[in-house]
Amino acid sequence: MESIITDIVKIIKSENNVIAREKALMCCFFDLIRELMKLALEEVDAGLVEETKKQGYQIEKKNKRSVVTAFGEISYWRRRYVCPGKKAKYPLDKLMGYDKYKRYSVLAVKDVLQVSAVATYRNTALAVNTLSCFKISHGQVGKLIVQAGKQIKVQQQSEERYDGITQKKKVPVLYLEGDGVVIKGTKKRLEFHRYQVCEDIINLSKTRRKRVQAKEFVSLGRLDALREIKAYLANTYDLSDTLIISNADGGAGYSKKDFDEIVGYCKQHEHFLDVFHLNKKIKDRLSFMPAMQSKLISAVEFKYDRHLTDVILDTIESNHRKYTYRVKGQGKYWSEDGAEGILRVLTCIKNKELEYWLSSEFAGGQLDIGDQEELKGAVRASLRKTHEAHLGIHHGAIESLTAGHSYLNDFSRKINI
């Protein structure tokens with residue numbers, strides 16, 4: 001101990017720069033920790049000899065190994081054991097959790113992964129190299145994330161992960177939320193899927209409920225996420241007296257029937273669209289009626305009035321029912337030209353413009369009726385002519401281009417007697 005203190009005092013006196021002095025002290029302390037750790041590991045390895053030999057193993061040789069730990073890289077010697085018909089092993093490595101072919105300890109990996117959760121690979125390497133006593137490259141950070149991800153996935157999908165549960169939980173209300181998110185991939189777009197489980201906890205001291213997150217599942221494959229959350233619910237909860245409230249954006253794979261499959265048997269299941277996607281869907285579907293968007297959002301979200309919602313929906317539907325009934329009913333199939341034609345016709349009828357647009361093609365050839373007096377004279381002259389009686393049409397009608405003239409109306413009535 002005296003020699004260690006003496007070395008520390010020498011470092012303090014030998015350095016005038018405060019930063020250089022502290023760095024030198026850090027190196028001294030970590031060197032000391034690594035040396036002590038090396039001696040401790042080798043002593044532990046010696047203590048495992050007798051127990052390992054009782055299992056039928058024999059010492060084959062000693063090998064040296066280096067491991068990067070949270071306090072730096074340490075090198076130590078440990079024994080390798082062999083046994084006929086069994087794999088060779090290093091009892092010390094297994095005890096310490098130093099996996100074969102892996103250079104970093106579990107704590108060192110955990111620290112790197114926690115930084116990488118909020119920073120890029122390069123920034124993670126910078127933070128680790130600055131604040132810890134070991135060095136790592138951004139490429140090594142990426143490899144650690146890939147290795148850790150594969151290991152975690154295998155363990156989370158293991159059949160034995162719920163073996164220790166002896167009694168299932170009972171909760172009055174359970175909340176489920178799911179969504180898919182598209183991200184950029186190196187070769188194609190990727191989509192990850194996330195499910196969240198929350199419990200409704202009653203705070204007896206304040207006599208009110210509190211929503212607490214119980215578990216979250218995220219996977220690049222939706223089927224993997226589904227298997228994990230279904231297994232979790234089936235092995236963790238007794239849902240016979242539980243109200244399930246699920247929430248999603250209503251996209252493919254996130255409808256009520258999909259959540260019914262996840263939940264299985266329960267007391268009651270209610271499914272809702274989340275507020276953001278509900279508002280978005282209302283605005284998308286009612287883009288042709290901006291005035292009704294806010295009314296429907298208010299009725300659904302703020303007033304929570306079913307009757308008012310139905311009234312608004314009926315009002316909205318009356319504006320497009322003419323189209324939907326005609327083009328969607330009775331299993332109809334439309335060609336592009338046929339659909340375009342019927343929709344144009346329906347629109348013209350709705351706008352009271354059918355006659356206008358049908359006659360507009362002949363607008364240039366319409367009869368120029370000219371002077372009203374000339375027209376009246378022509379009609380009088382025609383009435384003076386003698387008409388011969390003949391068989392054939394007994395009834396006829398005449399349409400006046402100048403509606404409202406009584407003599408034309410009288411003439412029309414007379415020829416229909």
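Glutamate 60 and arginine 80 form a salt bridge, with their closest N and O atoms 2.1 Å apart. Glutamate 60 sits in strand E1 and arginine 80 in strand E2, so this pair ties together parts that are 20 residues apart in sequence. Glutamate 60 is partly exposed, at 42% relative accessibility. Arginine 80 is also partly exposed, with a relative accessible area of 23%. Salt bridges that share partners also join Arg65, Arg78 and Asp93 into one network. The model is a predicted one.

Now take the sheet that holds E1 and E2. Three strands make up this open sheet, in the order E1-E2-E3, and their pairing is antiparallel. Strand E1 (58–69) and strand E3 (86–89) are the edge strands, each pairing on one side only. From one strand to the next, the twist averages 25°. Strands of a sheet pair through backbone hydrogen bonds. Between E1 and strand E2 (residues 72–83), which run antiparallel, there are 11 bridges. Lysine 64 stands opposite tryptophan 77 in E2.

How many salt bridges does a search of the whole structure find? The search finds 16. Two further examples lie within helices. Glutamate 42 forms a salt bridge with lysine 38, and their closest N and O atoms are 3.2 Å apart. The two residues are 4 apart in helix H2 (residues 18–47), which means that about one helical turn separates them. An α-helix has 3.6 residues a turn, so residues three or four places apart point the same way. Glutamate 42 is partly exposed, at a relative accessible area of 21%. Lysine 38 is partly exposed too, at 22%.

The second example is in helix H3 (residues 49–54), where lysine 54 and glutamate 50 lie 4 residues apart, about one turn of the helix. Lysine 54 forms a salt bridge with glutamate 50, the closest N and O atoms being 4.0 Å apart. Here lysine 54 counts as exposed, at 68% relative accessibility. Glutamate 50 counts as exposed as well, at 56%.

Helix H6 (residues 121–131) has a buried side. Thr124, Ala125 and Val128 are buried in H6. They cover an arc of only 100° around the axis, so they fall on the same side of H6. What covers these buried residues? The cover includes helix H5 (106–116) and helix H7 (138–156). The face of H6 turned away from the buried side carries the exposed residues Arg122, Leu126, Thr130 and Leu131.

Next come the nonpolar cores. In soluble globular proteins, nonpolar side chains tend to be buried together. The largest nonpolar core here has 22 residues. Leu174, Leu176, Tyr195, Val197, Leu233, Tyr237 and Ile262 have the most contacts inside it. Which elements give two or more residues to this core? They are strand E4 (173–183), strand E5 (190–203), helix H8 (222–236), strand E7 (243–248) and helix H9 (256–263). H8 gives the most, with 6 residues.

Isoleucine 262 shows some of these contacts. Leaving aside neighbours within four places in sequence, isoleucine 262 touches Leu176, Tyr195, Leu226, Ile229, Lys230 and Leu233. A second core is separate and has 11 residues, including Val109, Val112, Ala125 and Ile136. Ala125 is also one of the buried residues of H6.

Conventions:
Residues are numbered from 1 along each chain as its sequence is written. This is a predicted model: local features need pLDDT of at least 70, side-chain atom pairs count only at pLDDT 80 or more; totals for chains, interfaces and linings use all residues. Side-chain values use heavy atoms; hydrogens and water are left out. Two strands pair if DSSP finds at least two bridges between them. Axes are lines fitted to C-alpha atoms, for helices over the stretch in contact, and angles run from 0 to 180 degrees between N-to-C directions. Buried means under 20% relative accessible area, exposed over 50%, partly exposed in between (1.4 Å probe, protein chains only). The arc is that of the directions from the helix axis to the C-beta atoms. Contact means heavy atoms within 4.5 Å. A salt bridge is a side-chain nitrogen of Lys or Arg within 4 Å of a carboxyl oxygen of Asp or Glu. A nonpolar core is a set of buried Ala, Val, Leu, Ile, Met, Phe, Trp, Tyr and Cys residues joined through side-chain atoms within 4.5 Å.
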